[in-house]
Amino acid sequence: MAEGLRKKKSDRSGLDNDADLILVLNSGSSSLKFGIYRLADSGADNDKNQRPLLTGSADRIGQSNGTLNVRSGDGKSLVQQQSVHESQGHALNILATAIRQHIPAAPVAVGHRIVHGGPKLRRHQLITTQVVDELRSAIHFAPLHIPQALSLIASAQKVFPSAAQFACFDDAFHQTIPEVASRFALPSRYFDAGIRRYGFHGISYESLVHHFGAKLPEKSIFAHLGNGSSLCALRNGMSIDTTMGLTPTGGIPMGTRSGDLDPGVLLYLLRNEKLDADKLEDLLNHQCGLFALSSGESDVKTLEERAGSGDSKAQLALNVFALAVRKTVGAYTALLGGVDLLVFTGGIGEHSKYIQSTATSGLEVLGLTADKIRVVPTQEELQIARHCREMMTSSAT
């Protein structure tokens with residue numbers, strides 16, 4: 001697979017002879033993060049050989065104030081510049097040019113984070129024509145995400161034509177959720193058509209399971225809190241429930257997403273506001289959450305600064321968010337029959353002391369003491385690199 005792409009001598013990037021490279025692409029709504037990882041030669045997973053050689057991102061895609069950042073594996077800034085990105089594909093081309101300036105070797109594999117694969121694509125796998133066709137047929141399950149994923153896959157195949165392309169699905173981790181938690185209270189024909197709880201942020205949760213390894217206790221709750229936020233209840237490292245549902249819009253309120261709503265609210269908006277499906281979708285995904293509660297701000301750091309200056313709307317937004325997290329932690333503690341570990345991850349989860357403390361305040365009564373709470377950075381790109389390595393190894397045997 002992807003023969004002829006190995007470097008035969010060391011170069012300025014510090015690669016060993018015959019080092020195989022994996023490029024990981026983590027696409028967001030307006031960003032494209034990447035990492036270049038060395039493919040370990042053989043044997044069990046060796047994170048020392050999986051450390052990134054380069055990382056970076058193209059941000060504010062589709063806006064006039066875009067940026068490009070590239071860092072070395074040890075975090076040194078190599079590229080930091082203004083750069084307009086018209087689309088994800090355009091951003092990939094700009095990133096590829098920057099990557100080649102620092103690592104002449106081409107990647108033998110490209111790993112894609114894909115948010116939703118619909119009901120038929122529930123495992124990480126090599127991207128084939130059939131996989132692309134299945135993604136196209138599942139667009140109605142995630143109209144905001146799947147078209148973007150398809151476009152980026154096509155661009156990556158053009159930019160890196162000799163590389164094997166792999167799909168890592170964000171909902172794959174949640175296949176272990178039992179039917180009692182995955183079904184909505186709708187007629188069975190809808191469940192049969194794929195209307196169920198899928199759950200997302202699975203690659204982030206997988207990275208946490210890998211981080212703790214054999215030390216992960218039986219009853220754990222993971223909270224991935226960022227612009228998109230969710231929580232997951234795990235028993236023995238397997239997902240048994242999660243807050244996001246059919247789409248990443250569901251669950252707790254987020255940066256600009258509504259989270260779960262009384263269905264009557266949607267009916268009101270359809271009837272009284274005369275919103276069509278596209279306008280309703282835009283409202284729920286881009287005009288709600290912290291953004292709506294604070295009258296125009298979704299960044300938690302900024303909200304904390306405003307709340308500290310007496311802004312009541314900013315304070316309300318923070319408290320609504322923290323309360324939703326606290327209620328879910330309490331519910332999952334009851335579901336698990338106790339809690340051994342609570343992990344905060346994601347941009348908000350890792351950095352907001354206010355959300356961490358407010359979301360856990362009063363939960364000591366449920367046995368959640370300070371010694372059971374951890375903050376662990378998510379490592380989605382590294383986790384995708386691990387999956388690519390495993391799939392390449394298995395296909396070669």
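Trainee: What covers the buried residues of H8?
Mentor: Part of that cover is helix H7, residues 263–272. Keep in mind that we're looking at a predicted model.

Trainee: And which residues are buried in H8?
Mentor: H8 runs over residues 277–286, and its buried ones are Leu280, Leu283, Leu284 and Asn285.

Trainee: Okay, what's going on at the start of H8?
Mentor: Asp276 has a side-chain oxygen there that comes within 3.3 Å of the backbone nitrogen of Asp278.

Trainee: Which residue caps the N-terminal end of H7?
Mentor: That's Asp262. One of its side-chain oxygens sits 2.7 Å from the backbone nitrogen of Gly264. After H7 comes Lys274, which has a positive phi, near 55 degrees.

Trainee: Where is Arg60?
Mentor: In the loop between S3 and strand S4, which covers 67–72. Arg60 is partly exposed, since its relative accessible area is 37%.

Trainee: Is Asn236 buried or exposed?
Mentor: Exposed, because its relative accessible area is 53% and the cut-off for exposed is over 50%.

Trainee: Switching topic: where does Thr55 lie?
Mentor: In strand S3, residues 52–59. Thr55 counts as buried because its relative accessibility is 18%, and buried means under 20%.

Trainee: What does Thr55 touch?
Mentor: Leaving out residues up to four places away in sequence, Thr55 touches Phe34, Gly35, Asn69, Val70 and Arg71.

Trainee: I also clicked on Glu381. Which helix is that in?
Mentor: H14, which spans residues 380–396.

Trainee: Is Glu381 buried or exposed?
Mentor: Buried, because its relative accessibility is 14%. Apart from residues up to four places away in sequence, Glu381 touches Val24, Asn26, Lys33 and Tyr37.

Trainee: Let's zoom out. How many helices and strands does the protein have?
Mentor: It has 14 helices and 13 strands. The radius of gyration is 21 Å, close to the 21 Å from the globule rule for 397 residues, so the protein is as compact as a globular protein of that length.

Trainee: And what does the C-alpha trace span?
Mentor: About 60 × 50 × 50 Å along the principal axes.

Trainee: How much of the protein counts as buried?
Mentor: 52% of the 397 residues. The protein exposes about 18300 Å², with carbon and sulfur atoms supplying 51% of that.

Trainee: What about contacts along the sequence, how many join residues at least 24 apart?
Mentor: Take the contacts between residues at least 6 apart in sequence: 66% of those join residues at least 24 apart.

Trainee: Last one: how many positive and negative side chains are there?
Mentor: There are 40 positive and 39 negative ones, and the centres of the two sets lie 2 Å apart.

Conventions
Residues are numbered from 1 along each chain as its sequence is written. This is a predicted model: local features need pLDDT of at least 70, side-chain atom pairs count only at pLDDT 80 or more; totals for chains, interfaces and linings use all residues. Side-chain values use heavy atoms; hydrogens and water are left out. Helices (H or I, at least four residues) and strands (E, at least two) are DSSP runs, numbered from the N terminus. The radius of gyration is taken over C-alpha atoms; the globule rule is 2.2 Å times the number of residues to the power 0.38. Buried means under 20% relative accessible area, exposed over 50%, partly exposed in between (1.4 Å probe, protein chains only). Contact means heavy atoms within 4.5 Å. Accessible areas come from the Shrake-Rupley method with a 1.4 Å probe; for residues, only the protein chains shown count as cover. Lys and Arg count as positive and Asp and Glu as negative; His and the chain ends are not counted. The place of a charge is taken as NZ of Lys, CZ of Arg, CG of Asp or CD of Glu. A polar contact is a pair of N or O atoms within 3.5 Å; within protein, one must be able to donate a hydrogen and the other to accept it, and residues adjacent in sequence count only if both atoms are side-chain atoms.
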